[in-house]
Amino acid sequence: MVCMGRPILQIEINDDQRNELERRVRSGKTSQRDCLRARIILLRAEGKKQQDVAAELDISHVIVSKWTRRFLEQGLDGLCDAPGRGRKPSLPPEKVEMVITKATQPPEGRTRWSTRSMSKESGLSATSVRRIWNSNQIKPHLIKTFKVSNDPRFEEKFWDVIGLYLDPPEKALVLCCDEKSQCQALERTQPGLPLGVGHIQTKTHDYTRHGTTTLFAALDYIEGTIIERTEQRHTHAEWLRFLKQIDRETPKELELHLIVDNYCTHKHKEVRKWLSNHPRFHVHFTPTSSSWMNLVERFFADITSECIRDGSFTSVRKLETSIKKYILARNADPKPYRWVAKGKDILEKINRARTKLNKPIYESGH
């Protein structure tokens, strides 16, 4: 008589299951428990015996058999622990509820709770308070700033500007223009350490202030290049000089579409008079309190962090020279900013904020 061994149980997995199991094995965020279960199923899917998988993973064949059976019965869901398993919660439910509900009710004289102050109030440890807040997405230490525009022509201006980004006109330049005032020429009172291996860059907190300058910039939306000008002031006279510079430095055969904010100097009667005599200039105003729509603000953020804020300048002239060098290098290898957000999605987000403030929502036909 010939004795036949027990046939190897074949496990078949589809592509989606295999991808998910391999993701669990590779991910550094997967628990060791879940990673082990995923490896068991992957090895069994290769046709290996229970004993071989147990030996390779240094576990008992009972564990291999258990998770193989669970996977065959329930698929990927079978690799999760059944409800009610694991360590039972040790925190009193009433304490947990208090930590959650009182998080929005700061104590008298303070604007928010900290983990330590809430720990003292609730009688729980600061670690427990932090864990409860994290699990419920409560973040008292964070504040988001916002400004909802009250412009009665908001939607009209909104789509006017968005339309230029999403569908730029042919034979024309779209220029995002603005001025960055109060660029300070600060000289640090003591030299700091440069960035090096094993230590971070340092700078003194005190400084000598040598004055300020205003940076006028026009960002070419398509190419990403910058037309710049520095001035000591930012009245309509300086803005008009900047417009004349734009007129000189751009091809005469192209129409110019300027995106600007509602600063009074942009609407001065002398500026309007000059624009009326230069019909190739078309000015598009962003809605009030909506400077985020002007992409030149992205450039101002970059030049502030990469050139101005951490520098040490012995004079305004030194600061202006540094600004011009930065822009010259940037224009040699321009980095265009692209508007990718959908106008409809932005309006929906704004309307949610207006709903919370009990203000009328914008109705869009786009």
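Predicted model: local features only at pLDDT ≥ 70, side-chain atom pairs only at ≥ 80, totals over all residues.
At what angle do helix 1 and helix 2 pack, and how far apart are their axes?

**Entry 1: helix 1 and helix 2**

I found that helix 1 (residues 15-26) packs against helix 2 (residues 32-45) at about 135°, and their axes are 8 Å apart. Angles over 145 degrees would count as roughly antiparallel, so I put this pair down as oblique. I also noted the handedness of the crossing, which is left-handed.

Next I listed who touches whom. From helix 1 come Arg 18, Leu 21, Glu 22, Arg 24 and Val 25. They meet Cys 35, Ala 38, Arg 39, Ile 41, Leu 42 and Ala 45 of helix 2. Sorted by class, this contact has seven nonpolar and four charged residues, with no polar ones.

**Entry 2: helix 5 and helix 6**

I then turned to another helix pair. Helix 5 (residues 93-101) and helix 6 (residues 115-122) have axes that come within 11 Å and cross at roughly 140°. That angle makes them oblique to each other too. Here the crossing is right-handed.

On the helix 5 side I wrote down Lys 95, Met 98 and Val 99, which meet Met 118, Glu 121 and Ser 122 in helix 6. The class tally for this contact is three nonpolar, one polar and two charged residues.

**Entry 3: the largest pocket**

How much space lies in the largest pocket? I got about 770 Å³. Its lining takes in 20 residues, and those nearest the centre are Thr 145, Phe 146, Lys 147, Lys 349 and Ala 353. Which helix gives the most to this lining? Helix 13 (residues 343-356) does, with six residues. By class I have eleven nonpolar, four polar and five charged residues around this pocket.

**Entry 4: the cavity**

The structure holds one cavity of 30 Å³ or more, and I noted a volume of about 50 Å³ for the largest cavity.

What lines it? My list reads Trp 239, Leu 243, Leu 258, Val 260, His 266, Val 271, Leu 275, Val 283 and Phe 285. The elements that give two or more residues to this lining are helix 9 (236-249), strand 4 (255-260), helix 10 (269-276) and strand 5 (281-285). I sorted the lining by class and got eight nonpolar residues, one polar and no charged ones.

Notes
Residues numbered from 1 in each chain as written. Heavy atoms only, no water. 1 Å grid on protein atoms, 1.4 Å probe; cavity = no way out; pocket = protein on both sides within 12 Å on 5 of 7 lines; lining within 4 Å. Points joined across faces, edges and corners; volume = space filled by probe spheres on them. Helix = DSSP H or I, 4+ residues; strand = E, 2+ residues; numbered from the N terminus. Nonpolar A, V, L, I, M, F, W, Y, C, P; charged D, E, K, R; others polar. Axes fitted to C-alpha atoms, helices over the stretch in contact; angles between N-to-C directions. Parallel < 35°, antiparallel > 145°, perpendicular 65-115°, else oblique. Left-handed = near helix turned anticlockwise from the far one by under 90°. Contact = heavy atoms within 4.5 Å.
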